[in-house]
Amino acid sequence: AARVIAAPLPDLSCVALPEPEYTDQDLARGRLVYVEASRGCPYRCAFCLSSLPDPVRAFPLDPFLAALDRLLARGARHVRFVDRTFNLSTRTCAAILDFFLARLRPGLHLHFELIPDRLPPAVRERLQAFPPDTVQLEVGIQTFTPDVNARVSRRQDDAKAVDNLTFLRDETQVHVHADLLFGLPGETRRGRRG
């Protein structure tokens, strides 16, 4: 019989960062470097595997930034953050964006996943400072239908999300990839069910 043995969540301050696993050859070939500053998600969207009941936990910022600095010094140019909610903590998000703004160079490409209705002024200002072809944002809208969001246990302020997307389109030079899902409960190909 199959058994599941529950284990405590690891303390991220004790987890070795995987930055040394990227070889110089990997970095010289321009491969994507996947990093995460945090694990977990505060939302419980029924359609998402990241919505497991683990709390959001962050790696200690100073060692994380030091590891990023070593990767950049070794030649990393394409950095993709796999954090599901990169902008959850304004302080951490701003610190990481500041880190990259201080190290801008030709060929640097960054990817972040953002919560659509959370873009405070400190994050907006930093995003405005990036030149074209440097930052790609994956913004998980999923749906603008309030009753569908309720069915899948997703919280979202649609007005703020639209305002943030408009800001990103009109006032920054970032590339925005907005996710919309088809087939959530209560929606059809013609729109929501009555």
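Which residues in H4 meet which residues in H6? In this predicted model, Arg124, Leu127 and Gln128 of H4 meet Asp163, Asn164, Phe167, Leu168 and Glu171 of H6. By class, this contact of H4 with H6 has 3 nonpolar, 2 polar and 3 charged residues.

The axes of helix H4 (residues 121–128) and H6 come within 10 Å and cross at roughly 25 degrees. Angles under 35 degrees count as roughly parallel, and H4 and H6 are therefore roughly parallel to each other. The crossing in which H4 passes H6 is right-handed.

The sheet is open and consists of 5 strands in the order E1-E4-E5-E6-E7, with parallel pairing. Strand E1 (32–35) and strand E7 (175–180) stand at the edges; each has a single partner strand, so one side of each is left without a neighbour in the sheet. On average, neighbouring strands of this sheet are turned by 20 degrees against each other, direction ignored.

Two of the pairings are listed below.

| Strand pair | Bridges | A bridge pair |
|---|---|---|
| E1 and E4 (residues 78–81), parallel | 4 bridges | Val33 and Val79 |
| E6 (residues 135–142) and E7, parallel | 6 bridges | Gln142 and Leu180 |

Helix H6 (residues 158–171) packs on the sheet and touches E6 and E7. The direction of H6 makes about 155 degrees with that of E6.

Note on methods. Residues are numbered from 1 along each chain as its sequence is written. This is a predicted model: local features need pLDDT of at least 70, side-chain atom pairs count only at pLDDT 80 or more; totals for chains, interfaces and linings use all residues. Side-chain values use heavy atoms; hydrogens and water are left out. Two strands pair if DSSP finds at least two bridges between them. Helices (H or I, at least four residues) and strands (E, at least two) are DSSP runs, numbered from the N terminus. Axes are lines fitted to C-alpha atoms, for helices over the stretch in contact, and angles run from 0 to 180 degrees between N-to-C directions. Contact means heavy atoms within 4.5 Å. Angles under 35 degrees count as roughly parallel, over 145 as roughly antiparallel, 65 to 115 as roughly perpendicular and the rest as oblique. A crossing is left-handed if the near helix is turned anticlockwise from the far one by less than a right angle, and right-handed if clockwise. Ala, Val, Leu, Ile, Met, Phe, Trp, Tyr, Cys and Pro count as nonpolar, Asp, Glu, Lys and Arg as charged, and the others, Gly among them, as polar.
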